[in-house]
Amino acid sequence: MPPAAGSRPPLFMLVVGETARGDRFSLNGYARPTNPRLAALDVVSFRDVTACGTSTAASLPCMFSHLGREGFAARTQDHENLLDLAQRAGPAVLWIDNQSGCKGLCERVPKVHAAERAPAALCSDGECLDEALLHGLDARLAALPADRRARGVLLVLHQMGSHGPAYWRRSPPDGKPFQPECESNALQQCDVQAVGNAYDNSIVYTDRVLAGAIDWLRRQRTAFEPTMLYVSDHGESLGEKGLYLHGLPYGVAPREQKHVPLVVWTPSAQRTQCLAAQRDQPLSHDHLFHSVAGDLGIRTSEYRAELDLFAPCRAP
Ligand SMILES: [Zn+2]
């Protein structure tokens with residue numbers, strides 16, 4: 001739907017996190033200060049959020065589906081995902097990847113790899129630190145079709161996040177407050193505390209990346225109404241019960257692999273306050289499709305307001 005005269009189109013940034021555990025965010029009560037930058041910003045962290053799957057391949061298609069976890073598992077045919085829907089409805093869509101791809105989700109929408117515009121200092125051995133996602137955003141936004149931009153923008157940033165087992169490679173040298181770090185892929189051979197240190201440093205780095213994303217979004221306010229939603233694809237076992245990594249069958253996977261962080265930033269103090277009042281309500285990946293579609297003003301018969309976390313806080 002085209003914006004009303006005089007109003008700014010929505011700019012929705014969806015940051016798809018990787019392997020981040022909800023209980024390792026200090027915003028959610030973790031004792032270590034893993035969110036030093038976000039804690040200084042007006043963000044809302046939802047504390048009880050459950051992933052759709054325990055692996056990237058299982059979670060991503062489900063996250064971008066309107067079906068929800070149970071419906072997705074029981075589906076008998078393919079369906080339009082959130083990106084296809086957004087593009088068909090009119091807004092500009094862009095997937096920016098800093099990982100191994102989008103699991104087929106972005107086949108029909110514009111996509112770029114973060115490495116294309118990343119400074120060399122952020123990249124080594126074919127991988128880039130996640131700040132690569134923030135480089136060149138102005139140019140990328142300007143390059144999207146103007147007629148689509150006028151109706152809204154959906155930017156998806158696909159993080160490397162806390163991808164294991166090489167957690168120590170997910171934070172830069174100047175962003176490692178917790179020492180010593182496990183620097184082995186054989187996690188069982190490291191001290192559990194050292195594994196946790198390397199992992200927590202990756203969360204601190206995600207905190208820096210998200211604060212940078214919010215800083216960029218703030219600067220787009222002259223032309224857009226920005227919103228950021230960050231949510232991880234699944235969690236991770238870090239030695240609890242002798243388990244490491246993720247991907248256990250959903251029914252038997254421990255909470256550590258399914259409890260994910262979800263952080264929202266909006267420049268509206270009123271909206272932030274309204275969302276903050278709901279931060280302890282149980283949410284899941286089932287809410288993602290409906291929240292993004294709702295915020296972009298996309299009308300579809302698949303939309304369900306009860307799964308739109310923004311719905312109770314939308315101005316009438
Ligand atoms: Zn993943």
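Two strands count as paired here if DSSP finds at least two bridges between them. Helices (H or I, at least four residues) and strands (E, at least two) are DSSP runs, numbered from the N terminus. What you're looking at is a predicted model, so local features need pLDDT of at least 70 and side-chain atom pairs count only at pLDDT 80 or more, while totals for chains, interfaces and linings use all residues. Residue numbers start from 1 along each chain as its sequence is written.

**View 1. An open sheet of seven strands.**
Follow the strands in the order S2-S12-S9-S1-S8-S4-S5, and you'll find that the pairing is mixed. Strand S2 (43-46) and strand S5 (111-113) sit at the edges with a single partner strand each, so one side of each has no neighbour in the sheet. On average, neighbouring strands are turned by 15° against each other, direction ignored; axes are lines fitted to C-alpha atoms, for helices over the stretch in contact, and angles run from 0 to 180 degrees between N-to-C directions.

**View 2. Strand S9 and its partners S1 and S12.**
Take S9 (residues 225-232) and S12 (residues 262-265): they pair in the antiparallel sense over four bridges. Look for Leu229 opposite Val264 in S12, and for Tyr230 with its bridge partner Val263 in S12. S1 and S9, by contrast, run parallel and are joined by eight bridges. Seven of the eight residues of S9 are buried, so the strand is largely enclosed by the rest of the structure. Buried means that 20 or more other C-beta atoms, placed from the backbone, lie within 10 Å of a residue's own.

**View 3. Helix H6 across the strands.**
H6 (residues 192-218) lies across S1 (10-17), S8 (153-158), S9 and S12. Against S1, H6 runs at about 170°.

**View 4. Helix H9, a mostly covered helix.**
H9 (residues 288-295) lies across S1, S8 and S9, at about 160° to S1. Eight of its eight residues are buried, among them Phe289, His290 and Asp295. What do the buried residues of H9 pack against? They pack against S1, helix H1 (56-63), helix H3 (82-89), S8 and S9, where contact means C-beta atoms, placed from the backbone, within 7 Å. Just after H9, look for Gly297, which takes a positive phi of about 70°.

Key:
Two residues are in contact if their C-beta atoms, placed from the backbone, lie within 7 Å. A residue is buried if 20 or more other C-beta atoms lie within 10 Å of its own, exposed if 12 or fewer, and partly exposed in between; C-beta atoms are placed from the backbone.
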